[in-house]
Amino acid sequence: MTFRTLPDTDQLPHALYTAEQVRGFDRMAIERFGIPGLTLMERAGQAAFDLIRYRWPDVRSLAVLTGTGNNGGDGFVVARLARQAGLTVRVLQLGDRDRLRGDAAANAARWRDEGGDWQPFEAIPADVDLIVDAMLGTGLERPVGGQWAAAIKAANAHRAPCVAVDLPSGLNADSGIMLGAAIQAAVTISFIGLKPGLFMADGPDFAGEIVFDGLNVPAAVYASSVPAARRIDWRKQAAMLTPRRRNTHKGHFGHVLVIGGEHGLGGAARLAAEAALRVGSGLVSLATRSRHVAPVLAARPEIMAHAVEDVAGLQPLLRQASVIAIGPGLGRGEWGRAMWAAALAAGRPLVVDADALHLLASEPIQREDWVLTPHPGEAAALLGLCSAEVNAQRIEAAQRIQRRHGGSVVLKGVGSIVASAGMSPPALCSDGNPGMASGGMGDVLTGVMAGLLAQGMALRDAAETAVCLHAAAGDAAAVAGGERGLLAGDLAAHLRALVNPR
């Protein structure tokens, strides 16, 4: 998925707003700044039509699927502009046209009065070159059914590509969850404020290329509301890594201690340890079961692997560490619990992942010097919910974990969320790809985060930068060899390249 603003830049805004916030901006633009609703609708329709001409200059016929709200009104503007440009346009109405009100009704009437083709939806003609989705917009909160679902199914099955106006119909604007069925858009043009649902959960599967147009809404409108989230990506976060001084040695870049690798789980801890090295940690030690030491040293001798069978063996390593990463392959048995208790008592910043998160869920505590990195299942354990409930409210779930446990929280998944203490809104990473849905990726993220913390980054900065760096390395690995079959270990070389830009 690519992101850009029309027509000549490749960077989207970083502020993300809920559907309710954007509706508030719309009202404020009308009521406080005197911009007529018809003018905003005209601008939206014009922006969508300009996108069509820019993206598909050879299109000659459109089918415009319109609903009964303002999203449908935008569709009528697109239809009128296309017809005026000499294109063949068919408007296919979803819902009772008598329910159209206000500005949407005015644009529908103008379409009718100018002789436009306007029929109830039954099927999408086979000969159209492009489909415009202006059915539901951002107000959807319940599953799509009936005629609406039939129209979505028909559009997705059609040979013609589809442009979604503001949001693909069937997608929840805030959560990104598909509600029964959703338009598979080639391009989505979003207005006034970008919605979080475009970047997380099902959103990236349905939004296609994302384009933004602010409709010339005054900047003062946005000052009335704090964004629901901030979109972050490696392009933005790469600036956090500054060149190193020449007069340095390994002691300047911290010492990460990775604790993990219960019997049969040694690979997870080894991945985390190597990732910490690859992003620049000066030293990395690994406290693991004795049987894992030889394989780790054979594969990566730069990792100082120690056989640790009890807390007594761990104590010297804890004293040497500047940052502790705990959880990858830790297990939840007696050994893992003993390692967890010792790590908590060591007084060092922590990155907490995997089994350590389940141990935390069983005995909750709060501290401000750690980063918790749950996936939705682990987040559900921390909150006493199920995974589906977490995914339906990802931003809120991350914030709740942060308030309960302190520090920074990374809720992993499509559109990973970073929630930290303070006034800044949560961050949402828009990098990453489906190839990263494989075992060990979270262990690599743990190591990346610990490595950045060891080099002196502040907690929130390290969490946000690590998430984007990890995702960008996954994207680079996918470009090099494809998404399917991508391994966590494939990220190592790309991590090094990304932290050393040419």
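By class, the lining of the largest cavity has 6 nonpolar, 2 polar and 3 charged residues, where Ala, Val, Leu, Ile, Met, Phe, Trp, Tyr, Cys and Pro count as nonpolar, Asp, Glu, Lys and Arg as charged, and the others, Gly among them, as polar. This is a predicted model, in which local features need pLDDT of at least 70 and side-chain atom pairs count only at pLDDT 80 or more, while totals for chains, interfaces and linings use all residues. Residues are numbered from 1 along each chain as its sequence is written, and side-chain values use heavy atoms, with hydrogens and water left out.

The structure holds 1 cavity of 30 Å³ or more (on a 1 Å grid over the protein atoms alone, a set of points where a 1.4 Å probe fits but cannot get out, lining residues having an atom within 4 Å of a point). The volume of the largest cavity is about 40 Å³, a volume being the space filled by probe spheres set on grid points joined across faces, edges and corners. Among the residues that line the largest cavity are Arg230, Val418, Ala419, Ser420, Arg460 and Glu464. Strand E18 (417-420) and helix H18 (459-481) are the elements that give two or more residues to this lining (DSSP runs numbered from the N terminus, helices being H or I with at least four residues and strands E with at least two), and E18 gives the most, with 3 residues.

Notes:
On a 1 Å grid over the protein atoms alone, a cavity is a set of points where a 1.4 Å probe fits but cannot get out, and a pocket is an open set with protein on both sides within 12 Å along at least five of seven lines; lining residues have an atom within 4 Å of a point.
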